[in-house]
Each structure stands twice: as structure tokens, then as C-alpha cells.
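Please look over the sequence and the model before reading on. The text below takes the reader through a few parts of it.

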Amino acid sequence: MKIIHFTTQCGTVHKDTEEDKLANLSILDILFKKGKVCKNDLKSYRPIANLKFLAKTIERVCSKQIQNYLRNNKLLGEKQSAYRAHHSTETALLRVYNDLLLTADKGEEAILVLLDYSAAFDTINHDIFFQRLQNRYGVSGNALCWFKSYFTNRSQAVVVNDCISNVHKPVGGVPQGSVMGPLSFTMYTSPVEDIIKAHGMSGMLYADDTQVYAIKSGCDHGATLAKLGACISDIRSWSAANDMKLNDDKTELIHISSKFRTAAPIPSLKIGTTHVEPVNNARNLGVTFDKNLDMNQHINNICRSASSALHKIGKIRRCLDQQTAETLVHAFVSSRVDNCNSLLYGLPDQQVNKLQRIQNSAARLITRTKRSEHITPILRNLHWLPVKQRINFKILLLTFKCIHGLAPVYLQNLIRDYTPRCCLRSSSKSLLVTPPVCTKSYGSRSFQFSSLSSGMTYRSKLKKLSQ
């Protein structure tokens with residue numbers, strides 16, 4: 001089955017003749033969603049529009065102009081990490097993980113709620129979006145007319161066995177796979193961040209994935225859950241008023257605390273008509289968070305998927321040259337090991353060694369060497385850093401970006417330059433402020449502390465090498 005999408009070419013509406021429609025139609029690829037979903041259910045498929053090259057080129061030019069306008073006027077939300085330069089899922093998770101680690105380090109507890117929208121990109125109300133462009137972003141005149149011509153006068157049809165259905169004109173949504181669609185979605189949902197701040201909660205947004213977490217210092221679970229429930233209730237009300245719907249089935253709740261103290265269980269959180277029960281771990285933007293922040297489940301998931309990929313590559317290794325084998329390993333193994341590896345800083349060697357064994361197996365598979373041979377020369381020949389050093393390198397890289405303004409603001413705020421009260425020899429060494437931490441298992445793993453610790457370790461090693 002295919003969906004045919006008749007589009008407007010960035011403000012120019014096509015003619016209504018059937019010949020012109022067929023000449024300018026765009027087909028949407030139907031992609032199967034991952035996970036345990038039914039293949040016979042139409043909700044299990046995601047349509048991706050194959051727009052014209054010229055249309056995407058014009059969209060990219062317009063998108064760059066709009067992003068520059070939003071950035072120069074500071075109109076974008078600070079905690080929205082999707083589709084922005086220097087932002088990623090890793091930076092978003094690193095800030096959330098930093099806050100949770102420091103909370104556990106102080107002996108406090110946190111409640112993390114993961115929200116998700118149903119068909120978020122398909123439910124955008126065009127009229128509301130145009131009003132938001134005028135009132136919130138100050139877009140008017142020809143720029144507003146361009147947005148209106150871009151979103152309106154689109155039509156689509158379903159094709160089954162070369163039979164085309166009646167043409168349907170969608171009344172909302174943005175074409176998935178377009179350049180302007182993701183940016184428009186983040187602009188449309190920007191008031192969600194205002195709601196979270198108004199309730200005094202902490203949060204992070206990445207497209208339609210929203211994280212809200214509250215810090216609980218006392219034993220009163222009810223008060224914290226009531227505040228969190230009120231915040232989520234307002235988000236639901238705003239979503240309903242803007243033709244969006246939270247997916248209660250995908251909402252997850254994690255009660256996070258230190259493994260060194262026994263935390264009293266919390267009751268379920270009522271969201272709408274659904275009672276969300278706390279879970280021990282949940283998948284958050286590709287990373288598995290657990291209630292004690294020990295990352296065991298996440299590392300096991302990486303090892304499982306990477307081992308499966310190595311097994312499949314190993315079956316065809318004799319048919320590949322070394323360069324091709326290395327490309328496959330980087331695509332299916334190294335990418336998994338390096339994904340969001342900054343969250344693994346400070347973990348015990350016992351956990352990191354699991355990933356190191358995966359890397360060793362990948363190196364031996366590429367070079368076709370035996371297990372009895374020492375791995376260090378093999379890694380050096382491949383110019384691969386060991387896993388622990390790759391983690392330190394990622395922390396150093398993010399720290400460098402924070403210092404030079406190449407990282408999100410919410411990460412830059414965690415790093416402060418050290419300024420002594422009087423003139424000291426350390427004044428010219430560009431030191432950073434050392435945050436106070438209580439435990440090595442939590443506080444020392446936070447980005448706020450690791451950015452300083454890894455930098456000092458790097459400086460000491462350079463000093464030894466220079467000597």
C-alpha cells in the first residue's frame with residue numbers, strides 16, 4: 001500500500017487537473033514502527049513523505065532564515081533539544097541525568113515522568129499555529145503568507161494495486177520527512193515548557209517526547225505527586241485545546257533514589273483516567289533509565305544488540321575485505337557502544353568491561369586475529385581508543401563545547417569559571433568551579449563534576465608526557 005501526497009511547492013499551489021496532479025505527486029513511504037506492535041494494524045505504520053528535491057531545497061533556505069530569526073531574538077525554548085544546532089538526545093539526557101545524580105547524591109529522591117503524544121506531527125491545528133506565529137513569534141506579512149501557503153492546499157490519496165482512492169485534503173498536521181515540519185512542530189509545542197516552569201518543575205523536551213521530574217526531599221510523597229499531577233494535568237488541558245493528545249499507554253513513571261538507602265514506595269500517579277504505576281526501568285530517548293541509576297540494564301541491552309550484530313557480520317566476514325568489515329562494525333556495533341556514552345562516566349570497571357569485551361571482539365573480527373593475541377596492539381593499529389577513554393573523550397569534548405559556547409545553554413549553565421577572591425597563581429590557569437559532592441557512586445558521576453575531573457586528569461597526563 002502506498003499513500004500519494006499532492007503537495008504545494010513552497011507557496012505555489014498546483015492546478016486542479018488530474019494530469020498536473022499526477023505529474024507533481026509525492027509518494028509517502030510506509031515504515032513499520034519498531035516494538036511489539038501488530039503488523040495488521042494501520043497504526044503500526046508511519047508515513048514518510050518523499051517530497052520533491054526543489055521543494056526541499058527551498059524549504060531548507062527558508063528554515064535557515066527562520067532559525068536565525070528565532071535564535072537572534074531568543075524565541076526558542078531553552079529545554080527543547082530537537083532539530084537545533086549543538087543539541088541532541090545525548091545533551092538532553094545528560095542534563096536530566098546530571099540533575100538526578102546530584103539529587104541521589106544528596107540523599108533525596110526524584111520522580112521522573114515520561115510523556116508521549118499520539119500521532120503528534122499529524123494533529124497540528126493550522127489555524128492555531130498561524131495565530132501562534134503572529135502572537136508568540138512576531139511573524140507577519142509575506143512571511144506569514146508563506147507559512148499559510150506551505151501548510152494549506154495539500155491533498156493525499158491511498159494507492160492499492162495501482163488503484164487510487166478519492167483525494168483527501170488533510171485539515172492539520174505537517175508532512176513527515178519535510179524540512180519545515182520538525183521546526184514547525186517545536187514552535188507549535190513551545191508553550192509546554194512554559195507550563196512546566198510555571199509549576200516549578202524541571203523538564204526536558206525532545207520533539208514530542210516530554211520529560212517532567214520533581215525533586216522530593218522529605219517523606220511526603222503525596223505533596224510531590226500532587227504538584228506533579230497538577231503540572232501534567234495542565235499539559236493535558238493545553239494539549240486538548242491545541243488538538244493534541246497524550247498517549248497514556250506510553251506514559252511511564254520512575255521513582256529514583258540512591259541504592260544506599262531504602263526508599264518508601266510511592267503510589268500510582270493518576271493521569272487523566274489512567275493510573276500510572278512506578279516501574280523499575282524505562283527507555284528514555286534510546287537510553288534505559290533505572291530507579292537506582294546504575295545503568296546495568298542499559299549496558300546489558302547494548303551488549304545484547306551489539307553481540308547479535310557481531311554474530312551476523314561474522315557469518316559473512318570471509319566474503320568481505322577489512323575496510324568493508326570495519327565499516328559494518330562502525331555502523332552496527334561502535335555506534336551502539338558510543339551512543340550517549342557520556343552517561344556512563346564513573347561507572348565501576350566491572351560494568352565498563354562488558355562494553356570493552358564487545359569492542360575487543362569487534363576488533364578481532366575485523367583483523368581476523370585469535371583470542372589468544374593481545375588486544376592492545378590490535379586497537380592501536382585500528383586507531384581505536386578503549387571504551388573508558390572514549391567516555392572520557394566525550395566528556396572532554398562536551399566540556400570544551402560548553403566553554404566555547406557550542407553546547408546547549410542548559411549544559412553551559414552547569415560549568416562556571418573559577419575566579420579567586422584575590423590574585424593567586426591559579427588565576428591564569430582557566431580553572432572551573434568544583435561542585436560539592438558527597439558520594440563517588442552518584443555525585444562524582446554527574447556532568448557538573450566529571451567535566452572538571454576529566455579535565456584535570458587530562459592535564460596531568462599531558463604534563464607527564466611533556467616531561
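Residues 1–28 are a stretch where pLDDT stays under 50. The model has 77 contacts beyond four places in sequence for residues 1–28. Where pLDDT is low, predicted coordinates should not be read in detail.

Strand 7, residues 202–206, and strand 8, residues 209–216, run antiparallel and are joined by five bridges.

How many cavities of 30 Å³ or more does a search of the whole structure find? There are four. The largest cavity holds about 80 Å³ of space. Its lining includes Leu75, Leu76, Gly77, Tyr137, Met187 and Glu193, and Leu205 is also among the lining residues. By class, the lining of the largest cavity has five nonpolar, four polar and two charged residues.

The second largest cavity has about 50 Å³ of space. Among the residues that line the second largest cavity are Val329, Asp338, Gln359, Trp384 and Arg390. Helix 10 (322–338) and helix 11 (349–367) are the elements that give two or more residues to this lining. Helix 10 gives the most, with five residues. By class, the lining of the second largest cavity has five nonpolar, two polar and two charged residues.

Terms used. Residues are numbered from 1 along each chain as its sequence is written. This is a predicted model: local features need pLDDT of at least 70, side-chain atom pairs count only at pLDDT 80 or more; totals for chains, interfaces and linings use all residues. Side-chain values use heavy atoms; hydrogens and water are left out. Two strands pair if DSSP finds at least two bridges between them. Helices (H or I, at least four residues) and strands (E, at least two) are DSSP runs, numbered from the N terminus. pLDDT is the predictor's confidence in each residue, from 0 to 100. Contact means heavy atoms within 4.5 Å. On a 1 Å grid over the protein atoms alone, a cavity is a set of points where a 1.4 Å probe fits but cannot get out, and a pocket is an open set with protein on both sides within 12 Å along at least five of seven lines; lining residues have an atom within 4 Å of a point. Grid points are joined across faces, edges and corners, and a volume is the space filled by probe spheres set on the points. Ala, Val, Leu, Ile, Met, Phe, Trp, Tyr, Cys and Pro count as nonpolar, Asp, Glu, Lys and Arg as charged, and the others, Gly among them, as polar.
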